[in-house]
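Please open the structure in your viewer and keep the selection tool at hand. The tour below moves from one selection to the next and says what is there at each stop.

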Amino acid sequence: MSSPSRWEIFRRTVMGRAYPRVVGMQRERSWLFFDTLLPLLQVSAFVFIYRAIQAPPEFTGFVVLGGAMTAYWLNVLWSMAAQFYWEKETGNLELYIIAPTSLMAILLGMAIGGMVGTTVRAAAVITLGLLIFRIEVSIVSVPQLLGVFLLTLLALYGLGMLFSSLFLLYGRQASHLSNLLQEPVFLVSGFYFPVRALGFIPALGASVIPITLGLDAMRQLLFPTMMAQFRFLDVRIELGALAVLSIGFLWLARRALSYMEALSRREGRLTIRGQ
Amino acid sequence: MESTRSLRMAAWLGWQIESNWASPFMFAIYSIAKPVAGALILVLMYMVIAQGGLQHPLFPQIFVGNAFYIYVAMVLMGVSQAVIEDRERYGMLKYVYVAPLNVHAFLLGRGLTQATMATVAVLIMLFFGIIVLGIPMPPATVDWGMLFVAWLFGLAGLAFQGIFLAGISLITARHGYYIGDAVAGALYLLCGAVFPIDVLPRPLQLVGQALPLTYWLEALRRALLGDGAGELLSSLSDRVLLLILAGSMVLLAVLSVAFYRWAENRAREKGLIDMQTMY
């Protein structure tokens, strides 16, 4: 029997790592409550803040969209960035290292599985939000909207893969740093308000986080009238920037992974637990 | 004696887990950045939309509610996540049960660490609000007695709610890791932390009025600002508010301990004390 080719091993690794995140996570039905209904309640709080201060109804849509996208950011932080630290703690990391496959394939499988699993949750939050709050959308262009969404995910999970590589070196700092990157990123990326409110330069700086541009572009494509006064950049510029970020982060992730793995081996950190 | 020792050692352990991963400077940044970022989200929402921006009459009430809400997330998470972390990450939960300690006191001790950190964060937020945002809170006008009593009763009630969630964590998979955070997020909607419960639909108002947290935040606002938020609770006197808090604290203590005992027995029957579900 001939050995599988490198590409076959790569493919199997990706599928194998994605499988638990797509199938396994759905087996515990508690996700229906914890990952959809409760986040929706949290989003609703921001909706009612805007209602209390008599914001235009489009802001409800901004909040629901931003709230749904928080699922992706949290997935990147906790299921990508901190994952290798977790694998180190449970003893899986050394198995990944000695397995006849690449860590890049494992990261890619994690990313794909995370994207699919989280999309189910985000879709549920958006659908329920649209129905409950009776949000009206005016889609400017469906292809552009899909393009923005897919490029945002690609860039975001590329960033997640980069974080995974960087966090390979960390011990418990990994989970705390992931924790630290929640509210500050919700603030600077404009999850709950148009990012333009921060000012042009801060928003430009925040654009390194793909969700910043993705959210702004999606809001422009779904609520064009209101976003005319709050938009950050033209949708086409944001699409281009997201494409650049996607390629950039994936390339950086690959480079960082090689470097960090070598560094971790030299410093003996690949198998340290309880740091 | 055993309870006191369990509480003390758990608090020490919780502090070590929370703090010894970083230098004091990094830890200080970590402790400040999160709450301030949360406050700034609210500030920017008001600046973008509200008539009068930060001078909007609701803003001080909302800011104070948002500041003290830090306790809710951190205490609920601290107590409930202790179960998941000890079970899944450190594999120590079974040893906790084997050790000669009081499990309830152990969990409360872990929550005590989070409460201490939350206190620092709340104080930072309040100072930020007073100094940077100009929220009027002159010390001479603060009802310190009411503030202390309300704070204590509310915090104790939160700790017992954390015990309740810890019981749920004991019998659920790793999804329960975020149960404290998720429940805190849900309560954010219902307890009037960031908007008066008057704006909620009537059925949700009724839910909000059944939550001890609603009265806790109202009492804290009255103590600090001299006035609560919204009309629904304005008819309640300060004394009634404090009585509601005291009564709910006792009720939560009884219910949470009873539920945790039930969850514990169920976990033992099903062999869940040392289950692993992180994958």
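This is a predicted model: local features need pLDDT of at least 70, side-chain atom pairs count only at pLDDT 80 or more; totals for chains, interfaces and linings use all residues.

**The contact between the chains.** Begin by selecting chain A and chain B together and looking at where they touch: 35 residues of chain A and 37 residues of chain B take part in this contact. On the chain A side, colour α1 (6-27), α2 (31-52), α4 (83-90), α8 (173-180) and α9 (183-188), each of which supplies at least two residues that touch chain B. The largest share, 13 residues, comes from α2(A). Sorted by class, this side of chain A holds 23 nonpolar, seven polar and five charged residues.

**A residue in helix α1.** Next select A:T13, which lies in helix α1 of chain A. Is A:T13 buried or exposed? It is buried, because 22 other C-beta atoms lie within 10 Å, and the cut-off for a buried residue is 20 or more. Leaving aside residues up to four places away in sequence, A:T13 touches A:T101, A:A105, A:I106 and A:G109.

**A pair of packed helices.** Finally, select α7 (residues 142-167) and α11 (residues 210-222) of chain A, which pack at an angle of about 170° with their axes 9 Å apart. That angle makes α7(A) roughly antiparallel to α11(A). To see where they meet, show side chains including A:L145, A:F149 and A:L156 in α7(A), and A:I211, A:M218 and A:L221 in α11(A). The residues of this contact divide into eleven nonpolar, three polar and no charged.

How values were computed:
Residues are numbered from 1 along each chain as its sequence is written. Chains are lettered from A and ligands numbered from 1 in the order in which they are written. Two residues are in contact if their C-beta atoms, placed from the backbone, lie within 7 Å. Helices (H or I, at least four residues) and strands (E, at least two) are DSSP runs, numbered from the N terminus. Ala, Val, Leu, Ile, Met, Phe, Trp, Tyr, Cys and Pro count as nonpolar, Asp, Glu, Lys and Arg as charged, and the others, Gly among them, as polar. A residue is buried if 20 or more other C-beta atoms lie within 10 Å of its own, exposed if 12 or fewer, and partly exposed in between; C-beta atoms are placed from the backbone. Axes are lines fitted to C-alpha atoms, for helices over the stretch in contact, and angles run from 0 to 180 degrees between N-to-C directions. Angles under 35 degrees count as roughly parallel, over 145 as roughly antiparallel, 65 to 115 as roughly perpendicular and the rest as oblique.
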